[in-house]
Amino acid sequence: RSGAATAEEAVADAEFRSMVGERIREFGTTLKDKDRVIFDHRLLSEDPLTLQEIGDRYGISRERVRQIENRVKRKLKAHLEEQFPDLRGVDLTMG
């Protein structure tokens, strides 16, 4: 492999990651209430809140927060697959 091909691949990868990141942020703007808090403070955060911390904030159980988080992940996966059909079938599990 030539250095040019590797450099082109690196640029393409960076551009793709940037596009995916943009679509993830756009998806976040469609969420409301608990879904948005879980998305921002669990899925995107460098220092995520615990299920318990979010549950305490809303007066719901950790299990309910986990269920909402899983629903948000499924919605995000569907959104990304719609935006990037090549991702269908790719494991996009986060965390």
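A residue counts as buried when its relative accessible area is under 20% and as exposed when that area is over 50%. By this criterion Val65, a residue of helix α4, is buried in the predicted model, because its relative accessible area is 0%. Val65 touches Ile38, Leu51, Ile54, Gly55 and Ile60, when residues up to four places away in sequence are not counted. The C-alpha atoms of Val65 and Ile54, which are 11 residues apart along the chain, are separated by 7.0 Å.

Val65 also takes part in the contact between two helices, in which Leu51, Gln52, Ile54 and Gly55 of α3 meet Arg62, Val65, Arg66 and Glu69 of α4. By class, this contact comprises three nonpolar, two polar and three charged residues. The axes of α3 (residues 51-58) and α4 (residues 62-83) come within 8 Å and cross at roughly 105°, which means that α3 is roughly perpendicular to α4.

Asp33, by contrast, is found in helix α2, which spans residues 33-43, and it counts as exposed because its relative accessibility is 62%. The phi angle of Asp33 is near 50°, a positive value in a residue other than glycine.

With regard to confidence, the mean pLDDT of the chain is 88, and 88% of its residues reach 70 or more. Among the elements of the chain, α3 has the highest mean pLDDT, at 96, whereas helix α1 (residues 3-29) has the lowest, at 86. Where pLDDT is low, the predicted coordinates should not be read in detail.

Key:
Residues numbered from 1 in each chain as written. Predicted model: local features only at pLDDT ≥ 70, side-chain atom pairs only at ≥ 80, totals over all residues. Heavy atoms only, no water. Axes fitted to C-alpha atoms, helices over the stretch in contact; angles between N-to-C directions. Helix = DSSP H or I, 4+ residues; strand = E, 2+ residues; numbered from the N terminus. Parallel < 35°, antiparallel > 145°, perpendicular 65-115°, else oblique. Contact = heavy atoms within 4.5 Å. Nonpolar A, V, L, I, M, F, W, Y, C, P; charged D, E, K, R; others polar. pLDDT = per-residue confidence, 0-100. Buried < 20%, exposed > 50% of the residue type's maximum accessible area, 1.4 Å probe, protein only.
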